[in-house]
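Hi everyone, thanks for coming. I'd like to walk you through one model today, going from helix packing to aromatic rings and then to a few backbone details.

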Amino acid sequence: MYSFLISLVALVFGYLLYGKFVEKVFGPEPARPTPAVTKQDGVDFIPMPTWKVFMIQFLNIAGTGPIFGAIMGAKFGPSSYLWIVLGCIFAGAVHDYFSGMLSIRHGGAGLPDVVGTYLGKTTKKVMLVFSVLLLLLVATVFVYSPAIILRDIAGDGTTKFFMIWVGIIFIYYIIATMLPIDKVIGKVYPLFAIALLFMAVALGVGLIVKWPTIPEIWDGLANRGESVGVNQPLFPCLFITIACGAISGFHATQSPLMARCLKSEKLGRPIFYGSMITEGIVALVWAAVSSYFFFGGGAAELGSDLSAQAPTVVTVVSKGWLGVVGGVLAILGVVAAPITSGDTALRSCRLIVADFAKFSQKSVRNRLIISIPLFVVVGLLLWFNISQEDGFNLIWRYFGWANQTLSIFVLWSASVYLARKKKGHYYIITFLPACFMTSVCMTYICTAKIGLNLPTKLNPLIAIVTFIASFALFYVWKTKKGKTPLPPEV
């Protein structure tokens with residue numbers, strides 16, 4: 001439990017100290033008009049209150065990742081605490097801050113446009129396809145997972161009841177994707193955010209009151225997964241499993257949504273960096289709760305077993321610790337997280353395609369022209385999910401790798417931006433995380449079953465070679481092209 005408290009304090013100080021340093025490196029200009037003001041259109045570019053923008057950004061990025069990912073990641077042992085804290089402060093929050101601020105500096109541009117500006121037109125086209133595919137996967141898995149939890153809450157395990165919930169959530173996604181951002185998202189998200197934060201605070205207090213005996217960081221960082229049925233190497237699997245609670249490329253697709261609603265650049269740190277730190281706290285709570293469940297006797301105490309899947313852990317712990325009413329509120333907070341990420345995933349997808357095609361989204365007709373094909377694809381992916389025995393797990397594995405791979409492009413774009421801005425060697429704040437995440441994703445796809453399926457004993461070699469190659473290639477680029485001026489900012 002001491003590791004949990006130390007990690008919690010570290011995240012708070014990470015925001016106060018390192019977050020301030022990152023902000024200083026970027027150099028926000030409060031007097032510069034933001035896209036929310038200069039491009040106000042009543043649909044996507046709308047100035048909104050800061051507290052509301054924070055709530056929306058937090059819910060946009062807080063899907064099932066910081067909850068389910070932390071539960072599954074906790075099986076590796078207390079090393080999960082270190083990854084959440086260090087990953088969140090030095091990689092994830094930095095990634096989110098730069099993705100949001102660079103979007104603001106380029107007129108509220110979507111992710112492919114921002115990446116293309118700094119990594120080239122070819123990369124922009126790759127990012128367009130990659131981003132759209134990832135967002136469609138996000139929308140699919142974030143229909144499926146909350147439908148499972150809602151079915152379990154109601155106590156009806158039939159396929160028919162499950163399909164009813166799938167239909168209700170999907171219809172909500174369609175409505176939220178089509179309407180102006182302040183009509184549905186701006187009104188219901190604060191309520192969902194309160195539910196999610198209640199869940200995290202309630203379980204955090206429950207941890208402190210119960211003070212369970214769970215593994216501490218100083219007990220050793222060795223992989224404990226085999227004792228709970230996980231036969232995967234700690235590296236790189238921990239860093240893929242815990243994504244949204246540490247670093248997630250999906251967040252970079254969401255930040256431009258709020259970049260179009262911020263009234264001032266000075267709000268970037270609390271909105272983008274702060275939301276990620278808040279999500280890290282949620283992940284940390286669930287990592288500690290899950291450590292109790294898997295290693296502290298929690299499963300037996302709550303009448304469950306060590307083979308329980310993440311949704312079951314959520315249900316059992318919430319009801320067992322908080323009673324029926326508190327448990328239901330906590331579970332609803334968990335349900336709100338994926339639903340409020342799924343709808344904005346589709347919204348981001350619509351805007352990315354529209355930006356690429358230079359197709360105005362002010363009219364409902366134009367929004368429908370782009371949205372209908374997207375809804376059809378998500379429907380087909382849902383059908384695959386439901387009809388195949390292992391369809392959901394297969395899509396989730398690809399989503400996990402694609403999610404972390406997307407973060408690489410953002411970190412490299414930010415590194416190029418800082419290097420060309422000629423601010424000493426400050427590009428290191430994004431450059432080192434970029435090298436590390438590149439080695440993680442390359443190692444995973446080379447040795448995972450969904451990739452090349454090479455022997456896992458090659459993991460250290462692949463990781464080291466990839467890191468060194470990334471490091472060297474960046475400095476070669478910096479020597480040859482790093483002196484070119486930055487593209488104009490809007």
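How close do the axes of helix H11 (residues 250-259) and helix H12 (residues 268-295) come, and at what angle do they cross? They come within 11 Å and cross at roughly 135 degrees. That makes H11 oblique to H12; by the convention here, angles under 35 degrees count as roughly parallel, over 145 as roughly antiparallel, 65 to 115 as roughly perpendicular and the rest as oblique. The axes are lines fitted to C-alpha atoms, for helices over the stretch in contact, and the angles run from 0 to 180 degrees between N-to-C directions. Helices themselves are DSSP runs (H or I, at least four residues), numbered from the N terminus.

Before going on, some housekeeping. This is a predicted model, where local features need pLDDT of at least 70 and side-chain atom pairs count only at pLDDT 80 or more, while totals for chains, interfaces and linings use all residues. Residues are numbered from 1 along each chain as its sequence is written, and side-chain values use heavy atoms, with hydrogens and water left out.

On the H11 side, His251, Ser255, Met258 and Ala259 meet Phe272, Met276 and Glu279 of H12, with contact taken as heavy atoms within 4.5 Å.

Now let's look at another helix pair, H1 and H5. Their axes come within 10 Å and cross at roughly 30 degrees. That makes H1 roughly parallel to H5, and this crossing is right-handed too. The residues that meet here include Phe4, Leu11, Tyr18 and Phe26 from H1, and Tyr81, Ile89, Phe98 and Met101 from H5.

Two of those names bring us to the aromatics. A pair of aromatic rings is described by the distance of the centres and the angle of the planes. Rings of Phe, Tyr and Trp (its six-membered ring) pair if their centres lie within 6.5 Å; planes under 30 degrees apart count as stacked, over 60 as edge-to-face and the rest as tilted. By this rule the model has 34 aromatic pairs. Why is the pair of Phe26 and Phe98 edge-to-face? The ring centres are 5.8 Å apart and the planes stand at 80 degrees, so the pair falls in that class. For the record, buried means under 20% relative accessible area, exposed over 50%, and partly exposed in between (1.4 Å probe, protein chains only).

For a stacked example, take Phe431 and Phe474, 4.6 Å centre to centre with 25 degrees between the planes. Phe431 lies in helix H17 (residues 428-447) and Phe474 in helix H18 (residues 459-481), 43 residues apart. Both Phe431 and Phe474 are buried. They also belong to one aromatic cluster with Trp412, Tyr427, Phe467, Phe471, Tyr475 and Trp477.

Some rings have a charge over them, too (NZ of Lys or CZ of Arg within 6 Å of the ring centre and within 35 degrees of the ring normal). Phe26 is one, with the charged end of Lys421 5.1 Å from the centre of its ring. Tyr15 has the charged end of Arg269 over its ring, 4.7 Å from the centre.

Last, the backbone. The peptide bond from Phe235 to Pro236 is cis, with omega near 10 degrees, and Pro236 is found in helix H10 (residues 234-241). Which way does phi go at Trp211, positive or negative? Positive, at about 45 degrees, although Trp211 is not a glycine. Trp211 sits in the loop between helix H9 (185-210) and H10 and is partly exposed, at 34%. Lys358 also has a positive phi, near 50 degrees, and its place is in the loop between helix H14 (310-357) and H15. At 74% relative accessibility, Lys358 counts as exposed.

That's my tour, and I'm happy to take questions!

Definitions and conventions. Helix = DSSP H or I, 4+ residues; strand = E, 2+ residues; numbered from the N terminus. Left-handed = near helix turned anticlockwise from the far one by under 90°.
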